[in-house]
Amino acid sequence: MFSQKELLEKFLTKEVRTLLKELNEKFSQLKEFSQNFLEETVKEFLNEKGIKFDYLVDEKQVVAKKYGAICTPDPFLFDENRKLIFHGRIDNAMNPDDTATENTMQENIQKYLAGEKIERDFDPSIGCSIK
């Protein structure tokens, strides 16, 4: 059974995991910050590390609403053409301390990577509602 952290560790390269950890540490040191400060910090970090990929700051949750995100975490799985192929839960644990009996996202990632069909493209997420 995989937690959200374990899922990321399983499917992300060591380099990406290291970068995410560094970025998280940088944010955890901040006491207060505005959205502009957050954006500038992310840009600075990405430039510092030579990373070039798209990211989105969805301050008013416009994109989240268009995709139907209703809680956190509410993950999305896209294919190489940026087509949404799954929206839903990471697993079926109702609380962070519960043991999951289904690892929905992991199974769907593995199916996609193996060229298999993902049976359900939506499985309601479990988490705190987005306000």
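Analyst: Let's begin at Leu 84, which has its place in strand E3 (strands, E, are DSSP runs of at least two residues and helices, H or I, of at least four, numbered from the N terminus). Keep in mind that this is a predicted model: local features need pLDDT of at least 70, side-chain atom pairs count only at pLDDT 80 or more, and totals for chains, interfaces and linings use all residues. Residues are numbered from 1 along each chain as its sequence is written, and side-chain values use heavy atoms, with hydrogens and water left out.

Leu 84 has 32% relative accessibility, so it counts as partly exposed (buried is under 20% relative accessible area, exposed over 50%, partly exposed in between, with a 1.4 Å probe and protein chains only). Together with Tyr 67 and Phe 78, Leu 84 makes a nonpolar surface patch of about 230 Å² (patch residues have over 30% relative accessible area and no salt bridge; nonpolar side chains are joined within 5 Å, like charges within 9 Å; the areas are Shrake-Rupley values with a 1.4 Å probe).

The structure holds three aromatic pairs (ring centres within 6.5 Å; planes under 30 degrees apart are stacked, over 60 edge-to-face, the rest tilted). In one of them, the rings of Tyr 67 and Phe 78 have centres 5.7 Å apart and planes at 85°, so this pair is edge-to-face. That pair links distant parts of the chain: Tyr 67 belongs to helix H4 (residues 62-67) and Phe 78 to strand E2 (residues 76-78), eleven residues apart. Phe 78 also pairs with Phe 76, with ring centres 6.4 Å apart and planes at 35°, so that pair is tilted. Phe 76 is partly exposed, with a relative accessible area of 25%. Through these ring pairs, Tyr 67, Phe 76 and Phe 78 end up in a cluster.

Leaving out residues up to four places away in sequence, Asn 108 touches Leu 77, Phe 86 and Ile 118 (contact means heavy atoms within 4.5 Å).

What about charged partners? The whole structure has two salt bridges (a Lys or Arg side-chain nitrogen within 4 Å of an Asp or Glu carboxyl oxygen). Arg 89 bridges to Asp 123, with the closest N and O atoms 3.2 Å apart. Arg 89 lies in the loop between strand E3 (84-88) and helix H5 (104-113), and Asp 123 in strand E4 (residues 122-123), so the pair ties together parts that are 34 residues apart in sequence. Both ends are buried: Arg 89 at 16% relative accessibility and Asp 123 at 9%. Asp 123 also bridges to Arg 120, where the closest N and O atoms are 3.4 Å apart. That leaves Arg 89, Arg 120 and Asp 123 linked in a salt-bridge network.

Last, the cysteines: a search of the whole structure finds zero disulfides (cysteine sulfur atoms within 2.5 Å). For Cys 71, the nearest cysteine sulfur is that of Cys 128, 8.1 Å away. Cys 71 is buried, with a relative accessible area of 4%, whereas Cys 128 is exposed, at 58%.

Methods:
Phe/Tyr/Trp six-rings, centres within 6.5 Å; stacked < 30°, edge-to-face > 60°.
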